[in-house]
Each structure stands twice: as C-alpha cells, then as structure tokens.
Amino acid sequence: MTDWRTFFRHFDYVLALAVIGLCVFGVIMIYAATNAPAVHVSPGDAAHFWRNQQIFVITGTIMMLAFSLIDYRFIARFYLYIFALMLVLLVLVLIVGGDDGTGTARWLPFYMPVLGRMTIQPSEFTKVFLAIFLAKLIDMLGERFNFIGWLLVIFAAIGVTLALVMLQLALSATLVITFISVTILFIAGLYYRTILAGLAVIIPASIFIWFDLQRAAPLFIDRILQPYQLHRIRTALNPYAAHPDDILQLEGSLYAIGTGGLTGRGFLENPHIIFGHNDFIFSVVAAQFGFVGAVVLLAVIIVVIVKCILIALRAEDTTGRLIAAGVAGMIIFETFVHVGVAVGLLPTTGMPLPFMSSGGSMIWGHMMAVGMVLNIGLPRKKSIFED
C-alpha cells in the first residue's frame with residue numbers, strides 16, 4: 001500500500017516537471033515544424049502530427065505517474081515474462097506489422113476506445129523491457145553474472161533482441177539498445193579483463209569496418225547494412241562528393257541552425273526542414289530560438305539525465321540502480337546522436353530527441369521509464385519484493 005505522505009514528500013518534482021515540460025514544448029515545436037509558412041506539409045498532415053502528440057503526452061504523463069506509484073521491485077519480479085513479451089512483440093511485428101513506406105515493418109496496429117485505430121513501435125518499448133530484464137537478472141546473480149556461463153546467457157539475450165530489431169531495419173533503436181546494455185553491464189561491475197577482451201575484438205573490427213566503408217565494393221559491410229543505410233554513412237563521411245538530393249536533410253538542418261543565430265528567427269519563422277517534426281526537431285528549436293534556446297533545451301535534458309544518475313546512485317538495490325542507469329544512458333545516447341545528426345557530425349539515423357520528437361511509442365516508452373526511475377527514487381522499507 002502506498003504511503004502517500006512519504007510519496008508526496010520525497011517525489012522528485014524537478015524530474016517529473018522537467019520531463020513534462022520537454023513533452024509540452026515538443027508539442028509546440030511539432031506544431032511549428034508542420035505549420036510554419038515556409039513548411040511544405042498539408043494542413044491535414046500537420047494537424048495529425050501535433051494533435052496526436054497532445055494525446056500521447058497526456059496519456060504518457062498518466063503512465064509516468066502510474067509507474068511512479070508501482071513498486072519497481074514488483075515489476076522486476078516478472079522479468080522473465082517481460083522479456084518473453086518483448087520477444088513476442090518483436091516477432092509479431094515482423095509477421096503482421098505495418099509497412100512504414102520503406103519496405104520495413106516496425107509498427108503493430110491496435111485499437112483503443114475513444115482514440116480509435118493506433119499503432120505502436122515495439123522497438124521503443126524494447127529499450128525499457130530489456131533494461132528491466134538485465135537489471136533483475138544481474139541483481140539475482142550477483143557476482144556470478146561475471147562467470148563465463150552466465151555472461152554467455154546475457155550476451156545471447158542481448159544478441160537475440162538486437163537481431164530481431166535489426167530485422168526491422170531500425171538502426172537507431174539497435175544502437176540505443178546496444179548502448180543501454182553496455183551501460184548496465186558496466187555499472188553492474190563487468191570484470192575489466194572481460195572489457196579488455198571485448199575491446200581487443202571491437203577495436204580491430206572497427207578499423208576493418210572503417211576501411212571497408214572506403215571501398216567501392218565492400219567486402220562484408222553491405223551484407224550487414226541495407227543499401228540506404230550504407231549510403232547514408234558514406235554521404236556523411238564525404239558529403240562534398242554526394243549528390244545534392246542526398247544531403248537535402250543535412251543542408252536544411254544546417255541552414256535552419258545557422259540562420260537561427262543567437263536568439264532565433266522567432267516562433268513559426270523556421271524554414272522547411274525535412275522530418276523537422278521528429279528526426280530534426282532540434283533544428284526547429286535552434287531556428288526559432290537560436291543558440292540561446294538550443295542551450296536552454298539541452299540544459300533541461302541534462303537536468304533529467306543528472307536526476308536519473310543521482311537516483312541511480314541512491315538506489316537501495318542493484319535492480320533499481322541498473323534500471324535508473326540504463327534510462328540515463330538511453331537519454332544520453334539518444335540526445336547525443338540526435339543533435340550530432342542535426343549539426344552534421346553523424347550520419348542520418350532517424351534518432352528521435354527524447355520527449356520532444358513526434359511519436360507515441362517513444363513518448364510512452366520514455367514516460368514509462370521515467371516513472372520507474374521516479375519510483376526508484378522513493379525511500380522504502382524492506383518488503384516482500386526484495387529477495
């Protein structure tokens with residue numbers, strides 16, 4: 001039973017309000033990205049994006065508050081069922097998922113009363129589900145998780161998850177899930193000899209991949225990446241040799257950021273930015289509010305990250321510490337890649353900006369994760385949920 005006095009006294013209002021503030025600002029920026037005079041989006045599509053985002057933010061806020069009330073230890077008890085559900089969803093989307101227009105199936109259709117027909121993207125929830133599974137399993141194993149047998153089990157679980165997500169051609173989600181997994185393993189205390197052994201494989205492999213990307217006819221990288229993914233990476237490595245049509249997104253993003261100047265062009269004064277409502281929402285902010293607005297936005301995201309890290313450090317058990325650390329790692333990586341793509345430092349990957357970009361699954365998954373972190377931050381007495 002929830003101790004309401006303790007809940008209201010120790011609830012992290014700064015974290016909750018910062019996340020809600022980002023979501024609300026995201027709705028405003030999605031409106032600006034699709035309704036500015038220079039934007040080439042039909043009125044129907046524009047209304048669809050920002051109105052749907054309002055619904056996602058409202059329902060996501062309810063989810064965040066609901067998960068902040070549920071003892072995370074109770075949720076973690078079902079870690080095997082959560083992992084199984086995750087695998088079922090990832091397989092199901094490959095079988096009956098809806099095509100997003102690129103020849104890939106990433107969305108599952110479902111129906112909600114009042115809201116009607118909607119879709120979810122299982123890969124977004126996989127980020128949270130896998131974090132719960134790994135955190136609880138490692139907590140139960142303790143020091144034994146470093147034994148070779150259990151490490152192989154953990155790596156197999158991560159590998160199967162990544163393979164299913166890769167089959168959806170969701171490169172950005174694959175990278176995020178990999179980073180979350182690495183963060184959790186490192187924070188859990190992965191032996192340094194294991195880390196060094198991994199680096200001994202990863203570093204030479206990375207060098208070989210780099211040189212393979214330079215070849216006109218790659219030896220193997222084209223068997224791992226789809227043609228459009230390989231094309232994006234090569235375009236980022238050598239944009240001056242790319243066809244003008246291939247760098248339209250990057251040019252539009254850089255033009256928007258550059259013309260934003262110090263204080264911005266003003267609300268609804270942003271130029272047309274391809275996918276400005278999701279993959280390049282940071283560019284929309286920079287165009288309208290300039291360097292100052294971009295810095296303030298990143299400062300609020302940093303507050304969210306720092307809060308998650310502090311809660312991880314204060315967590316009363318390993319499960320809570322690893323879940324909170326995984327959520328912090330997720331937000332850090334997504335923000336870094338999204339901004340890096342927007343300013344031309346990284347290849348275009350379709351990475352959303354946490355809490356800001358258009359997308360119901362992203363909002364729900366992230367709000368669920370923050371709700372669990374809020375619950376982890378609450379003081380608690382020993383209960384039946386502790387092993």
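Trainee: Where does Thr34 lie?

Mentor: Thr34 lies in helix H2. Please keep in mind that this is a predicted model.

Trainee: Is Thr34 buried or exposed, and why?

Mentor: Thr34 is buried, because its relative accessible area is 3%, and buried means under 20%.

Trainee: Which side chain does the side chain of Thr34 join in a polar contact?

Mentor: The partner is Asn35, and the polar contact between the two side chains is 3.1 Å.

Trainee: Asn35 again, then. Which residues is Leu268 in contact with, leaving aside neighbours within four places in sequence?

Mentor: Leu268 is in contact with Tyr31, Ala32, Asn35, Ala36, Pro37 and Gln288, once those neighbours are set aside. Leu268 itself is located in the loop between helix H12 (248-260) and H13.

Trainee: How far apart are Leu268 and Met29?

Mentor: In sequence they are 239 residues apart, while in space the C-alpha to C-alpha distance is 8.9 Å.

Trainee: And why does Leu268 count as partly exposed?

Mentor: Its relative accessible area is 22%.

Trainee: Let us change topic to the core. Which residues touch the most other members of the largest nonpolar core?

Mentor: They are Val19, Val304 and Phe355, in a core of 104 residues. Helix H13 (residues 281-314) provides the largest share of this core, with 14 residues.

Trainee: What does Val304 touch, not counting residues up to four places away in sequence?

Mentor: Val304 touches Leu15, Ala18, Val19, Leu22, Ile331 and Phe355 on that count. Two of these, Val19 and Phe355, are named with Val304 as touching the most other core members.

Trainee: Now the surface. Which residues make the nonpolar surface patch?

Mentor: The patch is about 1,000 Å² and is made by Trp4, Phe8, Tyr13, Leu17, Leu69, Ile70, Phe74, Phe78, Leu80 and Tyr81. Helix H1 (4-10), helix H2 (13-35) and helix H5 (79-96) are the elements that each give two or more residues to it.

Trainee: Where is Tyr13 found, and how does its accessibility count?

Mentor: Tyr13 is found in helix H2. Tyr13 counts as partly exposed because its relative accessibility is 39%.

Trainee: One more residue: is Arg9 buried or exposed?

Mentor: Arg9, which is found in helix H1, is exposed, with a relative accessible area of 53%.

Trainee: How far apart are Arg9 and Leu378?

Mentor: The two are 369 residues apart in sequence, and 9.2 Å apart in space from C-alpha to C-alpha.

Key: Residues are numbered from 1 along each chain as its sequence is written. This is a predicted model: local features need pLDDT of at least 70, side-chain atom pairs count only at pLDDT 80 or more; totals for chains, interfaces and linings use all residues. Side-chain values use heavy atoms; hydrogens and water are left out. A nonpolar core is a set of buried Ala, Val, Leu, Ile, Met, Phe, Trp, Tyr and Cys residues joined through side-chain atoms within 4.5 Å. Buried means under 20% relative accessible area, exposed over 50%, partly exposed in between (1.4 Å probe, protein chains only). Helices (H or I, at least four residues) and strands (E, at least two) are DSSP runs, numbered from the N terminus. Contact means heavy atoms within 4.5 Å. Patches are made of residues with over 30% relative accessible area and no salt bridge: like charges are joined within 9 Å, nonpolar side chains (Val, Leu, Ile, Met, Phe, Trp, Tyr) within 5 Å. Accessible areas come from the Shrake-Rupley method with a 1.4 Å probe; for residues, only the protein chains shown count as cover. A salt bridge is a side-chain nitrogen of Lys or Arg within 4 Å of a carboxyl oxygen of Asp or Glu. A polar contact is a pair of N or O atoms within 3.5 Å; within protein, one must be able to donate a hydrogen and the other to accept it, and residues adjacent in sequence count only if both atoms are side-chain atoms.
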